[in-house]
Amino acid sequence: MKSIYKIFTVTLILSVFASCSSDDDDGSTELMGENSVTLEFDNSVGSDDLLLATSSYTNSQNETLTITRLNYIVSNFSLTNDAGEVFTYDKDDSYFVTSEETGSTEVVLENIPAGTYVSVTFGIGVDQEKYLQGAEGQGDFLTVAEETNMMWSWQAGYKFLNFEGTFTSETVTEATDFKVHMGSHGSSLDNYKEVTLSLGTDALVSDEMSPIIHLVADANAILDGENKLSLTEQSVIMVSEEKSPKVALNTASMFSVDHVHNGSEHSH
Amino acid sequence: MLGGFFTAQANDFPEETTECIWKNTAYEYFCDTCGCGGNGGSMGFGTGLNNNFVGLRYIGQKYRSRDGIFDNSPWINENFNTVQAWGKFPIGNRFLVNALLPYHSHNRTFADNTEQTINGIGDATVLAYYNVLRQTPDSVISIKPQHALQIGGGVKMPTGSFDAANIEGSVNPSFQLGTGSWDYILAANYGITHRNWGLSALLNYTIKTENSKNYLFGNQWNVALNTYKTYYLSPSVSLTPQIGLGGEIFEKNQEFSLTVPDTGGEVYFARFGVEANYNRYALGISSMLPISQNLNKGKVEVKNRVSLYLNINI
């Protein structure tokens with residue numbers, strides 16, 4: 001029996017010593033190289049996941065909406081690091097459509113230099129500078145926008161937001177279609193907006209680390225945000241000098257960062 | 001002789017000096033596997049303060065956790081199954097060592113009906129205790145209340161594998177075989193017995209370190225209070241029902257030294273159990289039901305834990 005105890009004592013002592021050497025690295029290794037940064041645009045209605053066509057919700061204006069489409073253009077990405085330095089993504093590659101119905105809600109920014117990033121800035125829609133480059137200046141993005149219902153016509157311009165579904169209210173008792181298409185009106189009305197979001201948790205980029213920034217876009221804000229827009233009053237909002245700037249402001253405020261995944265192993 | 005730090009006392013069979021009534025009272029809630037938000041893997045070192053044993057224990061735990069960040073994200077059921085070999089061995093008069101090695105088989109089913117199973121050896125734990133209060137010699141049969149106080153410490157070794165893919169995002173980060181880290185445990189146990197009654201209290205704190213995937217599970221407190229009574233059915237058979245309360249408190253996890261949101265929290269349990277003793281054999285069953293909990297900002301819920309064990313006193 002005595003020898004058993006000795007073995008246990010030795011094992012215990014050894015394990016304590018062995019462990020002392022393994023907790024020295026504090027993870028403060030320098031970030032080197034470059035990698036991708038993924039932004040996932042996860043659409044919600046309030047604190048619920050947005051489920052197209054299958055669920056409805058009632059907003060503060062007592063209108064009950066069933067959403068069937070939520071597409072929007074996000075663009076002109078830049079990332080700010082902990083030293084306040086801004087890395088601006090190449091403008092020609094910086095236009096994306098996210099679409100709930102096709103499930104393409106990820107924006108992957110390639111070759112981001114290593115660093116500790118604390119905020120992200122992006123636009124909703126297409127800025128005038130880009131639009132004024134003419135149809136040829138749009139590159140592949142013109143095709144992408146056409147295929148995802150994000151174009152009126154070249155003259156009328158891009159739809160920055162395509163938000164559709166049906167609704168009922170106190171006075172509209174039959175399910176009625178609504179369409180909210182917001183964009184700049186050619187070059188006469190500029191509805192392009194930019195937002196800057198703090199990441200909450202730093203996003204770490206290096207040769208080994210490619211973070212995912214998980215954003216939430218609250219679709220309820222589009223009509224029921226800072227500006228209240230009643231579908232009962234007007235169920236199709238497209239080229240409206242009065243209403244589309246309000247939709248643009250509401251849309252720009254619908255984004256928040258839920259969390260950041262750091263590391264390289266992303267499986268789920 | 002080594003088996004009898006305490007004498008059985010004030011019972012119908014005082015000759016059973018090595019069969020002590022301090023059964024299944026200490027370390028019950030010590031949570032060794034992951035402790036990263038409710039994975040209380042082992043439910044600890046169970047059998048009494050002073051009988052030395054080797055044994056096998058099954059622990060079943062049921063959790064549910066949110067697969068997603070939204071209020072309407074689906075819940076996923078998770079089943080954690082553990083079989084552990086464990087034992088307690090004295091070293092000299094005042095020291096004792098607890099050791100355990102778990103084998104886990106955990107499974108969960110996602111909303112799309114895909115199933116994930118992980119099997120394998122978990123994290124081995126070795127704890128050494130010092131008896132602070134001098135023990136009553138075996139020959140003395142006291143009718144006064146007996147106190148015991150043990151303080152100790154130990155290590156949990158990363159013998160279980162840690163899969164970084166399982167910590168991602170919104171599902172229970174504790175779905176692991178091990179923390180992947182060397183963790184250190186500080187522990188204190190107090191017990192008092194009088195006649196066939198006993199009361200025990202324990203407090204322990206696990207200090208976790210960053211693993212090779214730069215993930216750090218939050219440090220963890222375990223507290224427990226148990227009371228029990230032993231009934232002697234014959235000179236060789238006794239039953240010890242017990243009832244108690246336990247708590248587990250987790251600090252937040254970190255990844256790359258950055259706090260991981262929606263981690264940490266606490267859970268409090270009611271515990272019921274009974275241990276049957278026959279000569280050198282102890283067969284026990286116990287159940288832990290949560291009374292109140294807030295784990296991972298409500299995204300992980302403990303449903304219940306059950307444990308079944310067979311120990312042989314040595």
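Start by selecting the buried residues of α5(A): A:Ser244, A:Lys246, A:Val247, A:Ala248, A:Asn250, A:Thr251 and A:Ala252. Buried here means 20 or more other C-beta atoms within 10 Å of a residue's own; 12 or fewer is exposed, anything in between is partly exposed, and C-beta atoms are placed from the backbone. Now show the whole helix, residues 243-252 of chain A: 7 of its 10 residues are buried, leaving α5 mostly covered. Helices (H or I, at least four residues) and strands (E, at least two) are DSSP runs, numbered from the N terminus.

This is a predicted model, in which local features need pLDDT of at least 70 and side-chain atom pairs count only at pLDDT 80 or more, while totals for chains, interfaces and linings use all residues. Residues are numbered from 1 along each chain as its sequence is written, with chains lettered from A and ligands numbered from 1 in the order in which they are written.

**Chain A**

Color chain A by secondary structure: 5 helices and 16 strands. Buried residues make up 35% of its 268 residues. Next, select residues 35-238. The UniProt annotation, from an unreviewed entry, reads "domain: Copper-binding protein MbnP-like". UniProt positions follow the numbering used here, feature names are shortened, and annotations may be inferred rather than shown by experiment. This span is 7% helix and 50% strand, and its end C-alpha atoms are 39 Å apart.

**The cores**

Go to A:Val247 again. It is among the residues touching the most other members of the largest nonpolar core, which has 58 residues; A:Ile73 and A:Phe160 are also among them. Such a core is a set of buried Ala, Val, Leu, Ile, Met, Phe, Trp, Tyr and Cys residues joined through C-beta atoms within 7 Å. Strand β4 of chain A, residues 64-81, gives the most to this core, with 8 residues. A second, separate core of 14 residues includes B:Ala124, B:Leu127, B:Tyr129 and B:Ile185.

Center on A:Ala219. Beyond four places in sequence, its contacts (C-beta atoms, placed from the backbone, within 7 Å) include A:Asn43, A:Leu50, A:Phe163 and A:Met254.

**Chain B**

The average is 80, and 79% of the residues score at least 70. Residues 1-49 of chain B fall below 50. Where pLDDT is low, the predicted coordinates should not be read in detail.

Last stop: B:Glu301, in strand β17 (residues 300-313) of chain B. Buried or exposed? B:Glu301 is buried, because 20 other C-beta atoms lie within 10 Å. Leaving aside neighbours within four places in sequence, B:Glu301 contacts B:Tyr63, B:Arg64, B:Gln293 and B:Leu295.

Conventions. Contact = placed C-beta atoms within 7 Å. pLDDT = per-residue confidence, 0-100.
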